Amino acid sequence: MIFIKSFLVGGAICAVVQIFIDKTKLTPGRIMVGLVCLGVVLGAIGIYQPFADWAGCGATVPLLGFGNTLWKGMKDAIAESGILGLFEGGFTAGAVGISGALIFGYLASLIFKPKMK
């Protein structure tokens with residue numbers, strides 16, 4: 001049942017974002033940055049983590065989940081290092097995901113030989 005719930009929640013988030021892309025004049029980049037910032041804000045006020053616990057990967061995989069991950073990393077680093085945690089917490093929390101995306105993107109480019117348009 002958790003798979004169905006995750007699929008439906010993740011699909012609903014993606015559908016809402018697609019509607020924003022299609023119906024507004026906002027660029028996709030601005031919408032994506034807005035999603036990350038919204039994830040940070042929802043995490044800071046304590047709404048996103050209970051939602052993510054309920055929805056599973058459907059809530060943690062989209063950009064909202066990445067923003068929440070950045071917030072959790074900053075919160076932990078601030079508790080540990082003080083104000084400098086503002087700068088190091090997000091990097092520490094997001095390092096594995098960003099590194100994985102870079103490594104697998106590079107490997108895919110070696111395998112599939114992309115061409116510039």
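Modeller: Helices here are DSSP runs (H or I, at least four residues), numbered from the N terminus. Just after α3, Gly-56 takes a positive phi of about 70°. This is a predicted model, where local features need pLDDT of at least 70, side-chain atom pairs count only at pLDDT 80 or more, and totals for chains, interfaces and linings use all residues. Residues are numbered from 1 along each chain as its sequence is written, and side-chain values use heavy atoms, with hydrogens and water left out.

Colleague: What does Ser-6 touch?

Modeller: Ser-6 is in contact (heavy atoms within 4.5 Å) with Ala-55, Gly-56, Cys-57 and Gly-58, leaving aside residues up to four places away in sequence. Ser-6 belongs to helix α1, residues 2–23.

Colleague: Is Ser-6 buried or exposed?

Modeller: Buried, because its relative accessibility is 14%. The cut-offs are under 20% relative accessible area for buried and over 50% for exposed, partly exposed in between, with a 1.4 Å probe and protein chains only.

Colleague: Now the helices. At what angle do α1 and α3 pack?

Modeller: About 130°, with the axes 9 Å apart; α3 spans residues 48–55. Axes are lines fitted to C-alpha atoms over the stretch in contact, and angles run from 0 to 180 degrees between N-to-C directions.

Colleague: Which residues make that contact?

Modeller: Ile-2, Lys-5, Ser-6, Val-9 and Ile-13 from α1, and Phe-51, Trp-54 and Ala-55 from α3.

Colleague: And which residues of α3 are buried?

Modeller: Tyr-48, Ala-52 and Ala-55. They sit on the same side of α3, because they cover an arc of only 75° around the axis, taken from the directions from the helix axis to the C-beta atoms.

Conventions:
Helix = DSSP H or I, 4+ residues; strand = E, 2+ residues; numbered from the N terminus.
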